[in-house]
Amino acid sequence: MTEIALKALYTLISLFVITNYGLLLGGTMARVRAKVQGRIGQPVWQPYIDIMKNTFRRTGIHHGVMFYLGPVFRLAGGLGTYLFIPVLYGSVVFSNFSFSGDLLLVMYFIFFGQLGMALGAGQSGHPYSPIGVSRGLAQMTAFEVPFALAVISIASQYGSLSITEIVAAQQGGVLQWVAFTNPLAMVAGMISFLGMSMGNPFSIVIAPQEIPIGPPTEMQSSFLGMLQTNRAIFNGAKLVLFMNLFFGGADNILSMIVKTFLIYFYTVVVGASFPRFRADQSIRFFLGIPTLIGIAAVVLQMY
Amino acid sequence: MVSPIYVLAIALAAAFLLPLAEKAGRRAAQALILIVLSVMTLLPATYLVQWLSEAGIAGLPGSLPIIIDTAGFAAPLSIALRVGYVEAVLLVLVNLTALVGGIYRLGRDKLAWRGKDLVLYLMLFIGVNGLIMTRDLFNIFVFLEITSISTYALIASNGRKTAFEAGFKYIIAGSIASALYLIGVIFLYRFSGTLSLDEMLATESLSGSGPLLALFLLSIALLVELKPFPANGWALDAYQAADPAVGAMISAAAATGIFAAFARIMPLFPDNLRTLAAGSALVTFIFSSLMGLRQNDVKRMLGLSSTAQIALLVFAVSYMQGVLPAKQLQIIVLLLVGTHLISKAGLFWLAGITEQVSIRSRVALLTTTVILLAALIGLPPFPTFWAKWYMVLALAESGGYLIAAVILIGTLLEAGYLFKWFLLLSKRTEDPGDIHFEEIPEDLYPIGQQTGSITSKRALLDMTALEHQEEIPDKQTKNNEAVFNAPAIAFNSSHTAPLVMAVLLVAVGLIASVLQLSNPLLLLPLVALVIGGLFDLFRIPFRVQLTLAIASVGVYSYAVIPVLGGIAQIFAWIFLAGAAVQMVALYQRSGNQKGLIALTTGLIFSLGNLLVTSGRLELFFSWELMSFLAYLLIIRGKRSSAAGYRYLMFSLGGAYSILMGLILLPDFSQVFGTTPAAVSASGVGVATILLAAGFLIKIGAAGFHIWLPGAYAEADDDISPFLSSILSKAGLFMLFGIAALLVLPVYGLELTTVLGWIGVLTALGGAFFALFQEDIKYTLAYSSMGQMGYMLLAFALMSQLGWVGSLYLAVTHLLFKGMIFIAIAGIIYRTKTRLMYQMGGLISRMPLSFFTVLIAIIAISGVPPLTGFGAKWMLYTALIEEGWYLQAAAAMFASAIAFLYLFRLIHTIFLGQLKDEHRSIREAPVWYLIPQVIGILGIMIFSMFPNLIIEPLQHAVAGYVPGDITWQGYTVISTLGYWNGNAVMYVTMGVFIVPLAWLLLVQRKYTRKVRQFNIVYAAERPYRPETTHYAFNFFAPYREALGGFLAPWATRFWNGLRSAAGLTGSMARRLYTGNGQTYALHILIYTAIMLLALQGGVRIP
């Protein structure tokens, strides 16, 4: 019983940290983007304000059960993904539920939220939502390929699919990181991360000018609030995952913050520098050079 | 015993008496003829009965023949006739065919069958009977002439110009043959001093070039009469021009008689002459089969089939003599000739019937056609199946693999054109009879009440205009209807004639099966077919039949499952328990469902029998039966004829590949189902490849898959689940069975690697094809193909995790694909469309179906926490463990694509905009929901407690592959990673319930549901559900991105192969100019070529 209570407490701590970190990170990066574009930008705590505003709206509409459940699925997907990843190496509090499964579980649990959200958005009946979903899913299948290749390359490198073991294997200095021991896998993985974070040039999913924000078009009030919360957590989860896979993980909060900030910053830099791809261009892009790099990473592990 | 001479005497007497009888009236003459033919049938039958009662069926070949010396003198001085059991059987069959043919004739045209026609009919059979009995060379000539002359006249008797012409060409050919024969006989008489066949066989003096030439002339004469390629144009013209009743007699009876004479003279021939005849026969067999492919005249096509079959017989007697023991060969030839006689006569009659009426709605006639065709081709349980099995087996054992292959290829081609004909006969009027390409109909605005708030003036105008638009009936449809609604012609005795033949074949087939199969379980499918047929005959209500069928499957499972062990038991659960659950959906049907229960039950039993068989014959028997019954089930669909045809051709091709593999393998039963490490046989490479290819065809592996989408999609909606989730796994089971062979490298090539890549391609291909379908059933069919790809890939790993993964996927695929297909059946039942974009928003009307589909797609796509993830986890872990990295990445890609089409499926059907015409439809019928609920329960239980399924699977594969999985509580641990399904479930439930509770608490008060069109649209408003529902060409950007990558390479390849075969046939057909002189020249050239071949080339003095 104590064990369960302790685990619950640890989980809450872990979630509290990642939620706040995710929100602040989002706010910071929005400000960075604004600076690049020559604006002053929003305050870093703006995401908190947005969520509060949306959650405590006095009116709200929904289009049916699946619409209602969509954001729930999405948030559950974000939470679940995060909870299956060990955040800090060697920390009991931040080990989360990583004993439930390995890297494959995390990779597939990402789909859980996407599927639920897509279904919820679908029931809204708004054509922009499925258009966005169609583009998003199509792009996802494409960036999954270099990512899968990177993961396979790492798994074969360390003979393990367990995230904890992969992080453990990278301890002992910067040069032990996958980024240096297996640079091709890192490159393939980090390119697909651009797609995963849906910033420019892979922002066709939410393409604001064309299909106003895509899947969540019909979302408002606390539905939207939930999605915004999820964005923070899910982003955090992905950043932690990539940090664990390629950059040696982290054994304290500070190191985690620095590494994840830099990983996120990289997507922002790329996003600020490139215009948007069309959906078919983005598919071709991921199935081209990044996939070849991924294949090279895998083939190198074979011999 | 009454002397067999009376068979001839009675006929002769009756022929003379006929004019007298005619005086008493047409009916009296016809009755006289039928009575005489009955006596001619019964008389030899009495001999058989007596021999059987004396010696039993095994002693029949040993019974003493009856020898009649005519005119009171012994053989050399007089003509001897002999009736042994072979002759007796032939006489019975020929005369029975004559009798039934008479009845057919009466039913066809009562008035026409009289006068000289009757006499000629009797004369023909006197000739044939004589040919069967006589032992005298010159007498053979006499009977040959009697047969030929009556044939000429009969051909010409229908009075058409073409018939006269054909009859005359027949005379030309017949005269040349007769002349050659006569010259040959004269020479032989000169060399041996006797005309008696028995005497001549006893003389030693028939060697040297003189007698050889004589025998050559003799053989050529008879061969020409037996219509060899290319000297058979005259015969084909005759088949085409003659009345089908006459065609039946030429093809069945006359050919049988001449063949009997040929077979009797055969012992005289030296080896080189026999080889020559055999070679000519093989060429004829192959070319006739090729030429049939593009034949569009039924009678000519049947004629080609006849020449092919007779050629096969000639080959059997001339080549197999040294290969098989004489008695066995006798039985094989007897089975072949008898089946050909009966089925060909029946088919010619059917061709005649179809000239007059459409048989597509006549179940009895369709069944008859199927039986006759199946018997002709040699499908189990018909006699030819057994004959061909032993023939091919013997050929292979004597090293004649190539010849065996040629025979099988010829048979496949023959099946090709015969079943093409059946397709045309049986397809419904609305069925184009060609491979169905997705047609996107021009969307009509639905007419009726609009509940979406439409106020646009333009939209209302459009609708009003449409409401007043009159439907212009399509001319073609009207014609079709006219044909379809034509008054059914009253019962006609001509229709019973083929039926009698079919019954006879079934009876003989059943007897042969009982004699040949040691395990009575193997007969169960046949019993099910017979009982099911009887149920239909006595109009037992459908639901009673279905209940009995489910019960019988239950009893069968109860008996079989506990006996089986290991992997077979897992498949038994899939095949039997899965089938029993899915059959519940059939309760939704009502009314008369002729044949459905018989076929379904027979199919399930033959599928189950695959698991209990031990020997190769039993296995092949069950396999072919299963394939064919599945074909018959598929073609019950509304537009499935072409898809079914494709399926059949691939299945038969696969079956023959398996057959070749089986006979090439020295000891099959020691290989099947053994551990991979136990076999170290050498020289089994080709056999392994052939077997694997056959099973891969059944699985629908990439390259062989082109039959699959149509077959699964065009079958009836409640049959598709069975085909795609159960039947598809038969091939997988067999692959598990031959795993011991697959691990052996073939010519340095690792077959498992090849299989693995085929699996990858299948998974990728299936997923990509599914992505771009608008038709929901095609989507699911391709999806099944993709899933089979994963199973194949996991199997090819030959590791414990791989095998458990493959079986795990097989079991869960049964659950989710069965569920989703049945759910879709319910939706199609309600919406009356299969095109996804025409649906939409159905979640509000069919919530239970939505829930089923939701659970199923989560499970299929492998999203945790449901069972599908277990399959993916095992697959990838096993692949990475084995070092198959690229395959793993490709499989992940395929599974991501699967996610795409699954989302598209659920979105376009259930979400988005509800169409006006669907506003009042109801939830799927309860009979569809029951299997779905069972499937959901199964998925939920296995998701929560994966050990419930993984542990039994681990035990099942324990003896075969070394283990590397361990358990720690609910966590399954591989060398690479771990997975705790139970914990994942709890975490997922936790993270799901907390936000939901939050939402319900915070939001409940303020949120309200809004109407369909109440959506945020910037500066426009939704026009109609159709224009607002984003569904058609859902993944357009993907299509664009992939470009030419999606070209249907496999379809092009197979179509190319088909055209090449058809083209070869067409080129060969150009030889037949229709000119009698050319035909005569053909015969001379044929003779010259044969002579040259006999001499070994041109001799320069």
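Between chain B and chain A, about 6,600 Å² of area is buried, and carbon and sulfur atoms give 77% of it. Three residues of chain B stand out here: B:Tyr885, B:Phe899 and B:Tyr978 together supply 11% of the area that chain B buries against chain A, more than any other three residues. Counted in residues, the contact takes 73 from chain B and 77 from chain A. Do keep in mind as you look around that this is a predicted model.

Now zoom out to chain B as a whole. Its secondary structure comes to 44 helices and six strands. How does the radius of gyration of chain B sit with that of a compact globule? For 1101 residues, such a globule would come out near 31 Å, and chain B has 33 Å, so the two agree.

What about the inside and the outside? Of the 1101 residues in chain B, 63% count as buried. The accessible surface of the chain is about 39,800 Å², with 65% of that belonging to carbon and sulfur atoms. As for contacts between residues at least 6 apart in sequence, 81% join residues at least 24 apart. On the charge side, chain B carries 67 positive and 54 negative side chains, and the centres of these two sets lie 6 Å apart.

Two single residues are worth a stop. Find B:Asp243 in the loop between helix H9 (233-241) and helix H10 (244-265) of chain B. Is B:Asp243 buried or exposed? Its relative accessibility is 13%, and the cut-off for buried is under 20%, so B:Asp243 counts as buried. Looking past its neighbours within four places in sequence, you'll see B:Asp243 in contact with B:Arg108 and B:Asn158.

Then hop over to B:Tyr960, which sits in the loop between helix H39 (947-957) and strand E3 (966-968) of chain B. With a relative accessible area of 23%, B:Tyr960 is partly exposed, because that class runs between the 20% and 50% cut-offs. Finally, look across to B:Trp803: B:Tyr960 is 157 residues from B:Trp803 in sequence, yet their C-alpha atoms are 9.5 Å apart in space.

Notes: Residues are numbered from 1 along each chain as its sequence is written. Chains are lettered from A and ligands numbered from 1 in the order in which they are written. This is a predicted model: local features need pLDDT of at least 70, side-chain atom pairs count only at pLDDT 80 or more; totals for chains, interfaces and linings use all residues. Side-chain values use heavy atoms; hydrogens and water are left out. Helices (H or I, at least four residues) and strands (E, at least two) are DSSP runs, numbered from the N terminus. The radius of gyration is taken over C-alpha atoms; the globule rule is 2.2 Å times the number of residues to the power 0.38. Buried means under 20% relative accessible area, exposed over 50%, partly exposed in between (1.4 Å probe, protein chains only). Contact means heavy atoms within 4.5 Å. Accessible areas come from the Shrake-Rupley method with a 1.4 Å probe; for residues, only the protein chains shown count as cover. Lys and Arg count as positive and Asp and Glu as negative; His and the chain ends are not counted. The place of a charge is taken as NZ of Lys, CZ of Arg, CG of Asp or CD of Glu. Buried area is the accessible area (1.4 Å probe) that two parts lose on being put together, summed over both.
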